[in-house]
Amino acid sequence: MTSILISSDNPSMGKAIARQVGEALGYDLVGDALLSEVVGTTGISKRDFEKALGLEGPPPRPGRGMGAGLVALQAALTERLLGDNLVVDGLGAHLHVRGVSHILTIRILADFRSRAHHLAVDRKISPRAARRLLERRERQIQQWSLSVFGVDETNPSTYDMVINLGNIDEERAVKTIADTAGDRKFVSMTYSMKCLENLALADRVRARLVADFPGVEVGAEDGVVKLLLAKRWFGWQRTVETLRETVGKVPGVDGVEIHTAPLTKREGEADMTGS
Amino acid sequence: MTIITISRGSYSRGKEVAEKTAERLGYECFSRDVLLEASEHFHIPEIKLVRAIHDAPTLLNRFTLNRKSYIAYIQSALTNHVKKDNVVYHGLAGHVLLKGIDHVLKVRIIADINDRVAQEVKREGGTGEEALRRLVSDDQERRKWTQSLYGVDPWDPALYDLVIHIHRFSADDAVEMICAAVGKERFKATPVSGQRMADLALACGVKAAIVDAFPDCAVACEYGNIVIYTRKDDRHTHKLEQRVKSLSSELEGINTLEVHGGVVPPDGVV
(Lines give C-alpha, C1' and ligand atoms only; values in the text may rest on other atoms or scores of the structure.)
Protein backbone atom coordinates (compact mmCIF):
# COMPACT_ATOMS: atom_id res chain seq x y z
CA MET A 1 0.00 0.00 0.00
CA THR A 2 1.88 2.98 -1.28
CA SER A 3 1.47 5.93 -3.60
CA ILE A 4 3.85 7.24 -6.21
CA LEU A 5 4.28 10.88 -7.21
CA ILE A 6 5.77 11.31 -10.66
CA SER A 7 6.90 14.64 -12.05
CA SER A 8 8.86 15.48 -15.15
CA ASP A 9 10.50 18.35 -16.97
CA ASN A 10 8.51 17.09 -19.97
CA PRO A 11 4.88 16.74 -18.82
CA SER A 12 3.77 14.44 -21.66
CA MET A 13 6.63 12.07 -20.92
CA GLY A 14 5.84 12.13 -17.19
CA LYS A 15 2.21 11.36 -18.03
CA ALA A 16 3.20 8.38 -20.19
CA ILE A 17 5.43 6.94 -17.47
CA ALA A 18 2.79 7.51 -14.77
CA ARG A 19 0.16 5.74 -16.88
CA GLN A 20 2.43 2.76 -17.51
CA VAL A 21 3.43 2.50 -13.83
CA GLY A 22 -0.25 2.59 -12.89
CA GLU A 23 -1.01 -0.20 -15.36
CA ALA A 24 1.96 -2.29 -14.20
CA LEU A 25 0.96 -2.09 -10.52
CA GLY A 26 -2.81 -1.94 -10.98
CA TYR A 27 -2.87 1.47 -9.24
CA ASP A 28 -5.30 4.27 -10.05
CA LEU A 29 -3.91 7.23 -11.95
CA VAL A 30 -4.55 10.68 -10.51
CA GLY A 31 -3.91 13.56 -12.86
CA ASP A 32 -6.05 15.29 -15.45
CA ALA A 33 -9.33 13.92 -14.03
CA LEU A 34 -8.67 15.41 -10.59
CA LEU A 35 -7.66 18.70 -12.17
CA SER A 36 -10.94 18.76 -14.13
CA GLU A 37 -12.89 18.11 -10.91
CA VAL A 38 -11.18 21.05 -9.18
CA VAL A 39 -11.70 23.25 -12.25
CA GLY A 40 -15.41 22.46 -11.94
CA THR A 41 -15.60 23.37 -8.26
CA THR A 42 -13.42 26.50 -8.25
CA GLY A 43 -14.41 28.03 -11.58
CA ILE A 44 -10.76 28.70 -12.40
CA SER A 45 -9.90 27.66 -15.96
CA LYS A 46 -7.77 24.61 -16.61
CA ARG A 47 -5.33 26.76 -18.56
CA ASP A 48 -4.81 29.01 -15.52
CA PHE A 49 -4.18 25.96 -13.37
CA GLU A 50 -1.64 24.68 -15.88
CA LYS A 51 0.06 28.06 -15.83
CA ALA A 52 0.04 28.13 -12.03
CA LEU A 53 1.59 24.67 -11.95
CA GLY A 54 4.35 25.78 -14.29
CA LEU A 55 3.10 23.55 -17.12
CA GLU A 56 2.48 26.28 -19.64
CA GLY A 57 4.28 29.54 -20.27
CA PRO A 58 6.37 31.31 -17.64
CA PRO A 59 5.21 30.43 -14.11
CA PRO A 60 3.21 33.34 -12.66
CA ARG A 61 3.78 35.11 -9.38
CA PRO A 62 1.43 33.61 -6.82
CA GLY A 63 -1.64 35.84 -6.58
CA ARG A 64 -4.64 35.59 -4.30
CA GLY A 65 -7.02 34.09 -6.86
CA MET A 66 -4.59 31.50 -8.13
CA GLY A 67 -3.47 30.80 -4.55
CA ALA A 68 -7.04 29.75 -3.80
CA GLY A 69 -7.02 27.47 -6.83
CA LEU A 70 -3.80 25.80 -5.79
CA VAL A 71 -5.03 25.34 -2.24
CA ALA A 72 -8.23 23.70 -3.55
CA LEU A 73 -6.16 21.41 -5.77
CA GLN A 74 -3.88 20.46 -2.89
CA ALA A 75 -6.84 19.72 -0.64
CA ALA A 76 -8.40 17.48 -3.29
CA LEU A 77 -5.07 15.77 -3.86
CA THR A 78 -4.26 14.94 -0.23
CA GLU A 79 -7.83 13.75 0.29
CA ARG A 80 -7.37 11.36 -2.63
CA LEU A 81 -3.96 10.21 -1.37
CA LEU A 82 -5.55 8.96 1.85
CA GLY A 83 -6.94 6.17 -0.34
CA ASP A 84 -3.48 4.71 -1.10
CA ASN A 85 -2.29 2.73 -4.14
CA LEU A 86 -2.24 5.70 -6.47
CA VAL A 87 0.07 7.09 -9.11
CA VAL A 88 -0.07 10.87 -9.25
CA ASP A 89 0.99 12.52 -12.48
CA GLY A 90 2.33 16.03 -11.82
CA LEU A 91 -0.13 18.49 -10.18
CA GLY A 92 2.76 19.85 -8.10
CA ALA A 93 2.17 16.94 -5.70
CA HIS A 94 5.89 16.31 -5.24
CA LEU A 95 6.33 19.88 -4.00
CA HIS A 96 3.40 19.80 -1.62
CA VAL A 97 3.31 16.29 -0.10
CA ARG A 98 6.57 16.00 1.79
CA GLY A 99 7.69 13.97 4.77
CA VAL A 100 5.24 11.09 4.26
CA SER A 101 7.38 7.98 4.30
CA HIS A 102 5.14 5.66 2.28
CA ILE A 103 5.01 8.02 -0.68
CA LEU A 104 7.62 7.53 -3.34
CA THR A 105 8.68 10.64 -5.29
CA ILE A 106 10.16 10.19 -8.73
CA ARG A 107 11.50 12.74 -11.20
CA ILE A 108 11.64 11.85 -14.88
CA LEU A 109 14.02 13.86 -17.03
CA ALA A 110 13.70 13.96 -20.79
CA ASP A 111 16.83 14.11 -22.89
CA PHE A 112 17.78 17.79 -22.93
CA ARG A 113 19.14 17.73 -26.48
CA SER A 114 16.02 16.11 -27.85
CA ARG A 115 13.80 18.62 -26.01
CA ALA A 116 15.86 21.49 -27.42
CA HIS A 117 15.64 19.94 -30.89
CA HIS A 118 11.84 19.59 -30.73
CA LEU A 119 11.46 23.13 -29.41
CA ALA A 120 13.68 24.48 -32.18
CA VAL A 121 11.58 22.70 -34.81
CA ASP A 122 8.24 23.72 -33.24
CA ARG A 123 9.11 27.38 -32.85
CA LYS A 124 11.36 27.62 -35.90
CA ILE A 125 14.29 28.94 -33.86
CA SER A 126 17.95 27.96 -33.80
CA PRO A 127 19.03 25.03 -31.57
CA ARG A 128 21.11 27.45 -29.51
CA ALA A 129 18.13 29.75 -28.94
CA ALA A 130 16.04 26.70 -28.00
CA ARG A 131 18.66 25.59 -25.46
CA ARG A 132 18.77 29.07 -23.95
CA LEU A 133 14.98 29.16 -23.77
CA LEU A 134 14.88 25.82 -21.95
CA GLU A 135 17.59 26.91 -19.53
CA ARG A 136 15.75 30.15 -18.80
CA ARG A 137 12.54 28.24 -18.22
CA GLU A 138 14.32 25.91 -15.82
CA ARG A 139 15.56 28.90 -13.82
CA GLN A 140 12.02 30.35 -13.73
CA ILE A 141 10.60 27.02 -12.55
CA GLN A 142 13.27 26.87 -9.85
CA GLN A 143 12.39 30.37 -8.59
CA TRP A 144 8.68 29.63 -8.78
CA SER A 145 8.89 26.36 -6.85
CA LEU A 146 11.04 28.02 -4.19
CA SER A 147 8.72 31.01 -3.81
CA VAL A 148 5.43 29.08 -3.81
CA PHE A 149 6.39 25.82 -2.09
CA GLY A 150 9.78 26.58 -0.50
CA VAL A 151 11.22 23.60 -2.40
CA ASP A 152 13.62 23.63 -5.35
CA GLU A 153 12.02 21.49 -8.04
CA THR A 154 15.30 21.18 -9.94
CA ASN A 155 17.27 19.86 -6.94
CA PRO A 156 17.59 16.05 -7.10
CA SER A 157 17.48 15.87 -3.27
CA THR A 158 13.79 16.73 -3.57
CA TYR A 159 13.15 13.23 -4.94
CA ASP A 160 13.82 9.65 -3.95
CA MET A 161 15.02 8.91 -7.44
CA VAL A 162 15.69 10.77 -10.68
CA ILE A 163 15.63 8.83 -13.95
CA ASN A 164 17.02 10.37 -17.13
CA LEU A 165 15.29 8.97 -20.20
CA GLY A 166 18.16 10.06 -22.44
CA ASN A 167 19.70 6.63 -22.07
CA ILE A 168 17.29 4.62 -19.95
CA ASP A 169 14.24 3.57 -21.95
CA GLU A 170 10.66 3.98 -20.73
CA GLU A 171 10.18 0.27 -20.17
CA ARG A 172 13.18 0.06 -17.81
CA ALA A 173 12.13 3.25 -16.01
CA VAL A 174 8.63 1.84 -15.44
CA LYS A 175 10.03 -1.45 -14.17
CA THR A 176 12.48 0.31 -11.83
CA ILE A 177 9.69 2.43 -10.35
CA ALA A 178 7.29 -0.50 -10.05
CA ASP A 179 9.92 -2.71 -8.39
CA THR A 180 10.87 0.07 -5.97
CA ALA A 181 7.25 0.73 -5.03
CA GLY A 182 6.95 -2.92 -4.01
CA ASP A 183 9.66 -2.48 -1.39
CA ARG A 184 8.49 -2.88 2.21
CA LYS A 185 9.82 0.51 3.21
CA PHE A 186 7.12 2.14 1.10
CA VAL A 187 4.26 0.32 2.77
CA SER A 188 1.97 2.70 4.61
CA MET A 189 2.23 2.48 8.40
CA THR A 190 0.21 4.01 11.21
CA TYR A 191 2.69 6.85 11.61
CA SER A 192 3.01 7.67 7.90
CA MET A 193 -0.76 7.58 7.48
CA LYS A 194 -1.07 9.90 10.48
CA CYS A 195 1.32 12.37 8.80
CA LEU A 196 -0.79 12.25 5.65
CA GLU A 197 -4.03 12.66 7.61
CA ASN A 198 -2.55 15.72 9.35
CA LEU A 199 -1.59 17.20 5.99
CA ALA A 200 -5.01 16.45 4.51
CA LEU A 201 -6.75 18.09 7.47
CA ALA A 202 -4.54 21.17 7.23
CA ASP A 203 -5.30 21.35 3.51
CA ARG A 204 -9.06 21.10 4.15
CA VAL A 205 -8.86 23.96 6.64
CA ARG A 206 -6.66 26.03 4.33
CA ALA A 207 -9.14 25.53 1.50
CA ARG A 208 -11.96 26.73 3.77
CA LEU A 209 -10.02 29.82 4.92
CA VAL A 210 -8.18 30.91 1.80
CA ALA A 211 -10.91 33.20 0.46
CA ASP A 212 -11.28 35.29 3.65
CA PHE A 213 -7.96 34.70 5.38
CA PRO A 214 -5.39 34.09 2.61
CA GLY A 215 -2.38 34.88 4.81
CA VAL A 216 -3.10 32.36 7.58
CA GLU A 217 -0.63 29.48 7.92
CA VAL A 218 -2.24 26.19 8.87
CA GLY A 219 -0.88 23.08 10.55
CA ALA A 220 -2.67 20.08 12.03
CA GLU A 221 -1.86 17.32 14.47
CA ASP A 222 -4.24 14.60 15.64
CA GLY A 223 -7.33 16.65 14.86
CA VAL A 224 -6.02 19.83 16.47
CA VAL A 225 -5.59 22.62 13.96
CA LYS A 226 -2.97 25.29 14.59
CA LEU A 227 -3.42 28.61 12.85
CA LEU A 228 -0.61 31.10 12.61
CA LEU A 229 -1.61 34.69 11.86
CA ALA A 230 0.91 37.21 10.73
CA LYS A 231 -0.19 39.95 13.12
CA ARG A 232 -2.97 41.12 15.37
CA TRP A 233 -5.20 43.64 13.71
CA PHE A 234 -8.21 45.75 14.56
CA GLY A 235 -11.18 43.61 15.62
CA TRP A 236 -8.89 40.79 16.66
CA GLN A 237 -11.31 39.14 19.10
CA ARG A 238 -14.03 38.94 16.47
CA THR A 239 -11.55 37.53 13.96
CA VAL A 240 -10.53 34.84 16.43
CA GLU A 241 -14.16 33.90 17.03
CA THR A 242 -14.88 33.77 13.30
CA LEU A 243 -11.80 31.61 12.72
CA ARG A 244 -12.71 29.21 15.54
CA GLU A 245 -16.24 28.90 14.26
CA THR A 246 -15.26 28.44 10.60
CA VAL A 247 -12.47 25.97 11.30
CA GLY A 248 -14.53 24.09 13.90
CA LYS A 249 -17.03 23.19 11.20
CA VAL A 250 -14.42 21.49 8.99
CA PRO A 251 -14.83 17.69 9.20
CA GLY A 252 -12.11 16.07 11.34
CA VAL A 253 -11.31 19.15 13.45
CA ASP A 254 -11.36 18.43 17.21
CA GLY A 255 -9.74 21.65 18.41
CA VAL A 256 -8.34 24.95 17.20
CA GLU A 257 -5.25 26.78 18.43
CA ILE A 258 -4.56 30.29 17.20
CA HIS A 259 -1.07 31.73 17.40
CA THR A 260 0.37 35.02 16.29
CA ALA A 261 3.73 36.11 15.08
CA PRO A 262 5.11 39.44 13.88
CA LEU A 263 5.40 39.67 10.11
CA THR A 264 9.16 39.34 10.25
CA LYS A 265 9.09 36.16 12.35
CA ARG A 266 8.94 32.71 10.87
CA GLU A 267 6.70 29.88 11.96
CA GLY A 268 9.26 28.26 14.25
CA GLU A 269 9.78 31.53 16.07
CA ALA A 270 6.11 32.22 16.62
CA ASP A 271 4.66 33.41 19.88
CA MET A 272 3.02 30.15 20.95
CA THR A 273 1.19 31.56 23.94
CA GLY A 274 -2.07 31.00 22.11
CA SER A 275 -5.19 33.00 22.23
CA MET B 1 30.56 -5.08 -21.26
CA THR B 2 29.65 -1.87 -19.47
CA ILE B 3 31.28 1.02 -17.67
CA ILE B 4 29.58 2.45 -14.60
CA THR B 5 30.58 5.81 -13.17
CA ILE B 6 29.32 6.73 -9.74
CA SER B 7 29.46 10.36 -8.75
CA ARG B 8 29.17 11.02 -5.05
CA GLY B 9 29.71 13.54 -2.31
CA SER B 10 31.54 12.79 0.92
CA TYR B 11 29.66 10.44 3.26
CA SER B 12 27.02 9.73 0.64
CA ARG B 13 27.76 6.00 0.81
CA GLY B 14 28.60 6.14 -2.89
CA LYS B 15 31.81 4.19 -2.28
CA GLU B 16 29.88 1.42 -0.60
CA VAL B 17 27.37 1.37 -3.46
CA ALA B 18 30.22 1.23 -6.01
CA GLU B 19 31.99 -1.61 -4.23
CA LYS B 20 28.84 -3.66 -3.76
CA THR B 21 27.77 -3.09 -7.37
CA ALA B 22 31.17 -4.20 -8.62
CA GLU B 23 31.05 -7.26 -6.37
CA ARG B 24 27.56 -8.20 -7.53
CA LEU B 25 28.39 -7.82 -11.23
CA GLY B 26 31.91 -9.21 -10.99
CA TYR B 27 33.32 -5.90 -12.26
CA GLU B 28 36.51 -4.16 -11.25
CA CYS B 29 35.97 -1.27 -8.83
CA PHE B 30 38.44 1.59 -8.74
CA SER B 31 38.87 5.22 -7.80
CA ARG B 32 42.25 6.35 -6.47
CA ASP B 33 44.04 3.78 -8.64
CA VAL B 34 43.70 6.19 -11.57
CA LEU B 35 45.76 8.77 -9.72
CA LEU B 36 48.39 6.19 -8.85
CA GLU B 37 48.59 5.06 -12.47
CA ALA B 38 48.85 8.67 -13.70
CA SER B 39 51.43 9.41 -11.02
CA GLU B 40 53.54 6.42 -12.01
CA HIS B 41 53.22 6.89 -15.76
CA PHE B 42 53.84 10.63 -15.89
CA HIS B 43 56.17 10.86 -12.88
CA ILE B 44 54.06 13.36 -10.96
CA PRO B 45 53.63 13.09 -7.18
CA GLU B 46 50.16 11.82 -6.36
CA ILE B 47 49.49 14.73 -3.99
CA LYS B 48 49.83 17.23 -6.88
CA LEU B 49 47.29 15.28 -8.89
CA VAL B 50 44.93 15.12 -5.92
CA ARG B 51 45.14 18.89 -5.50
CA ALA B 52 44.57 19.44 -9.22
CA ILE B 53 41.32 17.52 -9.16
CA HIS B 54 40.09 18.29 -5.67
CA ASP B 55 40.73 21.95 -4.91
CA ALA B 56 38.69 24.41 -6.90
CA PRO B 57 41.00 26.59 -8.97
CA THR B 58 41.39 30.17 -7.88
CA LEU B 59 41.07 32.94 -10.46
CA LEU B 60 44.87 33.15 -10.74
CA ASN B 61 45.65 29.49 -11.19
CA ARG B 62 42.54 28.47 -13.08
CA PHE B 63 44.38 28.18 -16.36
CA THR B 64 47.88 27.32 -15.19
CA LEU B 65 49.76 24.85 -17.31
CA ASN B 66 50.32 22.43 -14.45
CA ARG B 67 46.66 22.02 -13.71
CA LYS B 68 45.82 21.44 -17.38
CA SER B 69 48.62 18.92 -17.66
CA TYR B 70 47.63 17.04 -14.53
CA ILE B 71 44.04 16.77 -15.65
CA ALA B 72 45.15 15.52 -19.07
CA TYR B 73 47.27 12.87 -17.32
CA ILE B 74 44.38 11.79 -15.11
CA GLN B 75 41.97 11.64 -18.03
CA SER B 76 44.47 9.60 -20.01
CA ALA B 77 44.96 7.16 -17.12
CA LEU B 78 41.19 6.90 -16.59
CA THR B 79 40.27 6.28 -20.25
CA ASN B 80 43.11 3.79 -20.55
CA HIS B 81 41.82 1.97 -17.47
CA VAL B 82 38.15 1.84 -18.39
CA LYS B 83 38.55 0.89 -22.05
CA LYS B 84 38.78 -2.76 -21.03
CA ASP B 85 35.12 -2.43 -19.83
CA ASN B 86 33.25 -4.07 -16.94
CA VAL B 87 34.44 -1.49 -14.46
CA VAL B 88 32.87 0.68 -11.77
CA TYR B 89 34.61 4.04 -11.31
CA HIS B 90 33.68 6.12 -8.29
CA GLY B 91 36.33 8.83 -8.43
CA LEU B 92 35.88 12.47 -9.33
CA ALA B 93 34.25 13.59 -12.56
CA GLY B 94 33.89 10.23 -14.32
CA HIS B 95 30.69 11.47 -15.93
CA VAL B 96 32.46 14.40 -17.58
CA LEU B 97 35.79 12.73 -18.30
CA LEU B 98 33.99 9.90 -20.13
CA LYS B 99 31.50 12.12 -21.94
CA GLY B 100 30.14 10.88 -25.25
CA ILE B 101 30.58 7.13 -24.63
CA ASP B 102 27.24 5.36 -25.05
CA HIS B 103 27.85 2.31 -22.88
CA VAL B 104 28.66 4.33 -19.76
CA LEU B 105 25.93 4.25 -17.11
CA LYS B 106 26.24 7.50 -15.19
CA VAL B 107 24.91 7.34 -11.63
CA ARG B 108 24.83 10.01 -8.94
CA ILE B 109 24.40 9.04 -5.30
CA ILE B 110 23.18 11.76 -2.97
CA ALA B 111 22.59 11.54 0.74
CA ASP B 112 20.58 13.45 3.27
CA ILE B 113 22.66 16.30 4.68
CA ASN B 114 21.75 15.40 8.28
CA ASP B 115 22.99 11.84 7.80
CA ARG B 116 26.21 13.18 6.31
CA VAL B 117 26.72 15.60 9.19
CA ALA B 118 26.25 12.76 11.69
CA GLN B 119 28.87 10.68 9.85
CA GLU B 120 31.32 13.61 9.74
CA VAL B 121 30.91 14.26 13.48
CA LYS B 122 31.44 10.57 14.21
CA ARG B 123 34.61 10.47 12.17
CA GLU B 124 36.19 13.90 12.68
CA GLY B 125 34.61 15.00 15.95
CA GLY B 126 33.55 18.57 16.70
CA THR B 127 30.06 20.00 16.64
CA GLY B 128 27.34 19.47 14.08
CA GLU B 129 27.73 23.06 12.91
CA GLU B 130 31.43 22.63 12.24
CA ALA B 131 30.78 19.39 10.42
CA LEU B 132 28.09 21.03 8.30
CA ARG B 133 30.46 23.89 7.44
CA ARG B 134 33.17 21.43 6.38
CA LEU B 135 30.76 19.41 4.24
CA VAL B 136 29.29 22.46 2.53
CA SER B 137 32.78 23.79 1.83
CA ASP B 138 33.90 20.42 0.42
CA ASP B 139 30.79 20.21 -1.77
CA GLN B 140 31.38 23.74 -3.06
CA GLU B 141 35.02 22.96 -3.89
CA ARG B 142 34.00 19.95 -5.94
CA ARG B 143 31.20 21.86 -7.59
CA LYS B 144 33.41 24.81 -8.51
CA TRP B 145 36.07 22.47 -9.86
CA THR B 146 33.72 20.77 -12.32
CA GLN B 147 32.09 24.07 -13.28
CA SER B 148 35.36 25.84 -13.95
CA LEU B 149 36.90 23.03 -15.96
CA TYR B 150 33.96 21.60 -17.83
CA GLY B 151 31.31 24.29 -17.65
CA VAL B 152 28.76 21.91 -16.12
CA ASP B 153 27.22 21.78 -12.69
CA PRO B 154 27.78 18.34 -11.11
CA TRP B 155 24.54 18.83 -9.16
CA ASP B 156 22.54 19.03 -12.38
CA PRO B 157 20.58 15.75 -12.48
CA ALA B 158 20.44 15.89 -16.28
CA LEU B 159 24.12 14.87 -16.36
CA TYR B 160 23.27 11.42 -15.04
CA ASP B 161 21.17 8.46 -16.12
CA LEU B 162 20.09 7.73 -12.58
CA VAL B 163 20.15 9.81 -9.39
CA ILE B 164 19.48 7.85 -6.20
CA HIS B 165 18.80 9.55 -2.90
CA ILE B 166 20.26 7.46 -0.08
CA HIS B 167 17.94 8.31 2.72
CA ARG B 168 14.92 6.09 2.48
CA PHE B 169 16.79 3.88 0.02
CA SER B 170 19.63 1.81 1.42
CA ALA B 171 22.94 1.22 -0.32
CA ASP B 172 21.66 -2.27 -1.21
CA ASP B 173 18.57 -0.78 -2.87
CA ALA B 174 20.83 1.47 -4.94
CA VAL B 175 22.95 -1.53 -5.96
CA GLU B 176 19.79 -3.34 -7.01
CA MET B 177 18.66 -0.43 -9.19
CA ILE B 178 22.06 0.03 -10.81
CA CYS B 179 22.40 -3.68 -11.58
CA ALA B 180 18.91 -3.70 -13.10
CA ALA B 181 19.68 -0.65 -15.27
CA VAL B 182 23.01 -2.02 -16.43
CA GLY B 183 21.38 -5.25 -17.57
CA LYS B 184 19.69 -3.41 -20.43
CA GLU B 185 21.05 -3.72 -23.96
CA ARG B 186 21.42 0.07 -24.03
CA PHE B 187 24.46 -0.07 -21.79
CA LYS B 188 26.21 -2.99 -23.45
CA ALA B 189 29.27 -2.04 -25.45
CA THR B 190 28.69 -2.25 -29.19
CA PRO B 191 31.46 -2.31 -31.79
CA VAL B 192 30.75 1.39 -32.42
CA SER B 193 30.72 2.48 -28.77
CA GLY B 194 33.78 0.28 -28.06
CA GLN B 195 35.62 1.95 -30.93
CA ARG B 196 34.59 5.36 -29.60
CA MET B 197 36.00 4.44 -26.19
CA ALA B 198 39.27 3.28 -27.77
CA ASP B 199 39.41 6.52 -29.79
CA LEU B 200 38.80 8.61 -26.67
CA ALA B 201 41.58 6.76 -24.81
CA LEU B 202 43.93 7.32 -27.73
CA ALA B 203 43.02 11.02 -28.03
CA CYS B 204 43.60 11.43 -24.28
CA GLY B 205 46.94 9.63 -24.60
CA VAL B 206 48.04 12.01 -27.37
CA LYS B 207 46.84 15.04 -25.41
CA ALA B 208 48.75 13.89 -22.31
CA ALA B 209 51.89 13.46 -24.42
CA ILE B 210 51.85 16.99 -25.84
CA VAL B 211 50.01 19.05 -23.21
CA ASP B 212 53.17 20.23 -21.43
CA ALA B 213 54.57 21.93 -24.52
CA PHE B 214 51.27 22.71 -26.26
CA PRO B 215 48.67 23.28 -23.57
CA ASP B 216 46.14 24.96 -25.85
CA CYS B 217 45.82 22.23 -28.41
CA ALA B 218 42.77 19.96 -28.66
CA VAL B 219 42.77 16.39 -29.91
CA ALA B 220 40.14 14.38 -31.77
CA CYS B 221 40.36 10.75 -32.81
CA GLU B 222 38.28 8.61 -35.15
CA TYR B 223 39.21 5.03 -35.88
CA GLY B 224 42.79 5.71 -34.83
CA ASN B 225 43.10 8.78 -37.06
CA ILE B 226 44.25 11.69 -34.91
CA VAL B 227 43.55 15.34 -35.64
CA ILE B 228 45.22 17.95 -33.44
CA TYR B 229 43.72 21.42 -33.47
CA THR B 230 45.66 24.49 -32.49
CA ARG B 231 44.61 28.11 -32.69
CA LYS B 232 48.19 29.36 -32.81
CA ASP B 233 50.20 30.63 -35.78
CA ASP B 234 52.31 28.76 -38.33
CA ARG B 235 55.50 28.73 -36.30
CA HIS B 236 53.71 27.10 -33.42
CA THR B 237 52.03 24.63 -35.77
CA HIS B 238 55.38 23.69 -37.26
CA LYS B 239 56.81 22.96 -33.81
CA LEU B 240 53.78 20.86 -33.01
CA GLU B 241 54.14 18.90 -36.24
CA GLN B 242 57.74 18.13 -35.34
CA ARG B 243 56.66 16.80 -31.95
CA VAL B 244 53.76 14.86 -33.40
CA LYS B 245 55.98 12.92 -35.80
CA SER B 246 57.45 10.98 -32.92
CA LEU B 247 54.07 10.13 -31.38
CA SER B 248 53.24 7.25 -33.74
CA SER B 249 56.10 5.26 -32.31
CA GLU B 250 55.31 6.22 -28.69
CA LEU B 251 51.60 5.32 -28.69
CA GLU B 252 49.95 2.21 -30.05
CA GLY B 253 46.95 2.27 -32.37
CA ILE B 254 47.62 5.51 -34.29
CA ASN B 255 46.83 5.29 -38.02
CA THR B 256 47.40 8.84 -39.15
CA LEU B 257 48.23 12.14 -37.45
CA GLU B 258 47.26 15.57 -38.75
CA VAL B 259 47.77 19.04 -37.32
CA HIS B 260 45.26 21.77 -38.15
CA GLY B 261 46.62 25.20 -37.23
CA GLY B 262 44.58 28.34 -36.73
CA VAL B 263 41.36 26.35 -36.39
CA VAL B 264 38.76 26.53 -33.64
CA PRO B 265 38.37 22.96 -32.35
CA PRO B 266 34.91 21.43 -32.79
CA ASP B 267 32.84 20.20 -29.85
CA GLY B 268 33.62 16.83 -28.33
CA VAL B 269 37.40 16.98 -28.58
CA VAL B 270 39.72 16.51 -25.58
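Trainee: At what angle do helix α6 (residues 113–124) of chain B and helix α7 (residues 128–150) of chain B pack?

Mentor: This is a predicted model, where local features need pLDDT of at least 70, side-chain atom pairs count only at pLDDT 80 or more, and totals for chains, interfaces and linings use all residues; side-chain values use heavy atoms, with hydrogens and water left out. Residues are numbered from 1 along each chain as its sequence is written, while chains are lettered from A and ligands numbered from 1 in the order in which they are written. Helices (H or I, at least four residues) and strands (E, at least two) are DSSP runs numbered from the N terminus, and axes are lines fitted to C-alpha atoms, for helices over the stretch in contact, with angles from 0 to 180 degrees between N-to-C directions. The axes of α6(B) and α7(B) are 9 Å apart, and their angle is about 110 degrees.

Trainee: How does that angle class α6(B) relative to α7(B)?

Mentor: Angles under 35 degrees count as roughly parallel, over 145 as roughly antiparallel, 65 to 115 as roughly perpendicular and the rest as oblique. At about 110 degrees, α6(B) is therefore, relative to α7(B), roughly perpendicular.

Trainee: Which residues of α7(B) make the contact?

Mentor: Contact means heavy atoms within 4.5 Å. From α6(B) come Ile113(B), Arg116(B), Val117(B), Glu120(B), Val121(B) and Glu124(B). They meet, on α7(B), Gly128(B), Ala131(B), Leu132(B), Arg134(B), Leu135(B) and Asp139(B).

Trainee: Which residue in the hairpin of β6(A) and β7(A) takes a positive phi?

Mentor: The hairpin has two residues between the strands, and Glu221(A) stands opposite Val224(A) in β7(A). The residue with a positive phi, near 50 degrees, is Asp222(A).

Trainee: Is Asp161(B) buried or exposed?

Mentor: Asp161(B) sits in the loop between α7 and β5 (162–166) of chain B. Leaving out residues up to four places away in sequence, Asp161(B) touches residues of both chains, including Asn164(A), Asn167(A), Lys106(B) and Phe187(B). Buried means under 20% relative accessible area, exposed over 50% and partly exposed in between (1.4 Å probe, protein chains only). With a relative accessible area of 3%, Asp161(B) is buried.

Trainee: Which residues touch the most other members of the largest nonpolar core?

Mentor: A nonpolar core is a set of buried Ala, Val, Leu, Ile, Met, Phe, Trp, Tyr and Cys residues joined through side-chain atoms within 4.5 Å. The largest has 49 residues. The two touching the most other members are Ile210(B) and Ile228(B).

Conventions: Two strands pair if DSSP finds at least two bridges between them.
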